[in-house]
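Subject: Structure handover

Hi,

Here is the structure I promised to pass on. Please open it first, then read my notes below.

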Amino acid sequence: MTILKINGKTHKFNQDPSMPLLWVLRDILKFKGTKYGCGKGLCGACTVHINGQPTRSCVLPVSAVEGQEITTIEGLSENIDHPVQQAWQELNVPQCGYCQSGQMMAAAALLESNKAPSEQEIEMAMSGNICRCGTYPRIKEAINRAAE
Ligand code: FES
């Protein structure tokens, strides 16, 4: 039996403990907001927060996160949108949208640790999140908007 705490709620299930968290989130628990991009820890589409830290769920065995605080895009904010989500909507950041939940999770973690990041700090924090549509300028603008 594996027990996970996701978005403040406890989830229990039987599964191979070596299964990556991403598969558990999407296929077993139906948190579909977290996306599969590369499956190799290279693109950032699967980013969730583990104890507030941005983490790639595609390469993380579920056994490694038992007892940790896991947050997905669905639990980023209760009831109202997180400032990052609001800024993303205001600035129409997504194009195809596929990578954007991972982008927002990375951005939210950045702003949690640094309320007023410089352009360089934004670039550093977001450099591992790939967007095939090239929405990078809007992502940066939205992070600055969310930081206001
Ligand atoms: Fe996890 Fe690409 S799907 S980093």
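Which residue of E4 is the bridge partner of His49? It is Pro54. Keep that pair in view, as I come back to its strands below. One caution before you go on: this is a predicted model.

**Overall build**

The protein has five helices and five strands. From the N terminus, the elements run β-β-α-β-β-β-α-α-α-α. The radius of gyration is 15 Å, close to the 15 Å that the globule rule gives for 148 residues, so the protein is as compact as a globular protein of that length. Along the principal axes, the C-alpha atoms fill a box of roughly 45 × 30 × 25 Å. Of the 148 residues, 40% count as buried. Take the contacts between residues at least 6 apart in sequence: 61% of them join residues at least 24 apart.

**The sheet**

Five strands form an open sheet. Their order is E2-E1-E5-E3-E4, and the pairing is mixed. Which strands stand at the edges? E2 and E4 do. Each has a single partner strand, so one side of each is left without a neighbour in the sheet. On average, neighbouring strands are turned by 40° against each other, direction ignored.

Now look at E3, which covers 47-50. How many bridges join E3 to E4? There are four, and the two strands run antiparallel. The His49 and Pro54 pair sits between these strands. E3 and E4 also make a hairpin, with two residues between the strands. E3 is joined to E5 as well, by two bridges, and this pair is antiparallel too. Here Ile50 has Ile70 of E5 as its bridge partner. As a general point, strands of a sheet pair through backbone hydrogen bonds, either parallel or antiparallel.

H3 lies across E3 and E4. It runs at about 35° to E3.

**Two domains**

The domain assignment gives domain 1 as 2-73 and domain 2 as 83-147. Taken over C-alpha atoms, their centres are 21 Å apart. How many residues of domain 1 are in contact with domain 2? The count is 15, and they touch twelve residues of domain 2. Two elements give two or more residues to this side of domain 1: strand E3 (47-50) and strand E4 (53-56). E3 gives the most, with three residues. By class, this side of domain 1 has six nonpolar, eight polar and one charged residues.

**Asparagines to look at**

Most residues other than glycine have a negative phi.

- Asn7 has a phi of about 50°. It is found in the loop between strand E1 (2-6) and strand E2 (9-13).
- Asn51 takes a phi near 50°. It belongs to the hairpin of E3 and E4.
- Asn79 has a phi near 65°. Its place is in the loop between strand E5 (69-71) and helix H2 (83-90).

Why does Asn7 count as partly exposed? Its C-beta neighbours inside 10 Å number 17. Being exposed takes 12 or fewer, and being buried takes 20 or more, so a value in between is partly exposed. Asn79 counts as exposed, because it has 4 such neighbours.

Asn92 is a further one to find. Its place is in the loop between H2 and helix H3 (100-113). Asn92 has 10 C-beta neighbours inside 10 Å, so it counts as exposed. How far apart in space are Asn92 and Arg138? From C-alpha to C-alpha the distance is 7.9 Å, while 46 residues separate them in sequence.

**Where to start**

H3 lies across it. It also gives the most residues to the side of domain 1 that touches domain 2. From there, go on to the loops and their asparagines.

Best wishes

How values were computed: Residues numbered from 1 in each chain as written. Predicted model: local features only at pLDDT ≥ 70, side-chain atom pairs only at ≥ 80, totals over all residues. Domains from an automatic or database assignment. Contact = placed C-beta atoms within 7 Å. Nonpolar A, V, L, I, M, F, W, Y, C, P; charged D, E, K, R; others polar. Pairing = 2+ DSSP bridges. Rg over C-alpha atoms; globule rule 2.2 N^0.38 Å. Axes fitted to C-alpha atoms, helices over the stretch in contact; angles between N-to-C directions.
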